[in-house]
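Hi everyone, thanks for coming. I'd like to walk you through the aromatic rings in this one and then look at what surrounds them.

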Amino acid sequence: MERIRNLREDKDLSQREIAEILSCSQTTYSRYETGNLSIPVDSLIKLAIYFNTSIDYLTGLTDEKKPYKCSSKTIKI
């Protein structure tokens, strides 16, 4: 999960700040970044929206950082 750490650092955010967005503890978020804990899908969605990218990019399935076109549903974080 190196990409979520890089995205966070690019925005000069702390783990605690991202943990607040995800409604989890800083320790839990740290474990997400290190790969010691799987990130729940709802948290991946929040991260993708926050960082304006796709879940596929976050998880390394693609190198395309640009997000996909959203469906007609509006998702808020």
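Predicted model: local features only at pLDDT ≥ 70, side-chain atom pairs only at ≥ 80, totals over all residues.

**Aromatic rings and their surroundings**

So, the structure holds two aromatic pairs. By a pair I mean rings of Phe, Tyr or Trp (its six-membered ring) with centres within 6.5 Å; planes under 30 degrees apart count as stacked, over 60 as edge-to-face, and the rest as tilted.

Residues are numbered from 1 along each chain as its sequence is written, and side-chain values use heavy atoms, with hydrogens and water left out.

Back to Tyr29 and Tyr32: where do they sit? Both are in helix H3, residues 26–34, three residues apart, which is about one turn of the helix. Helices here are DSSP runs (H or I, at least four residues), numbered from the N terminus. Which residues of H3 are buried? They are Tyr29, Tyr32 and Glu33, where buried means under 20% relative accessible area, exposed over 50%, and partly exposed in between, using a 1.4 Å probe and protein chains only. These three cover an arc of only 95° around the axis, so they lie on the same side of H3; the arc is taken from the directions from the helix axis to the C-beta atoms. Their cover includes helix H1 (2–10), helix H2 (15–22) and H4.

Phe51 is buried, at a relative accessible area of 7%, whereas Tyr50 is partly exposed, at 28%. Tyr50 also has Lys11 over its face, 5.3 Å from the ring centre. For that I ask that NZ of Lys or CZ of Arg be within 6 Å of the ring centre and within 35 degrees of the ring normal. Arg3 lies over the face of Tyr57 in this way, at 4.2 Å from the ring centre.

One last stop: Ser54, in the loop between helix H4 (41–50) and helix H5 (55–59). Is Ser54 buried or exposed? It is buried, with a relative accessible area of 4%. Leaving aside neighbours within four places in sequence, Ser54 is in contact with residues including Ala48, Thr62 and Tyr68, contact being heavy atoms within 4.5 Å.

Key:
Helix = DSSP H or I, 4+ residues; strand = E, 2+ residues; numbered from the N terminus.
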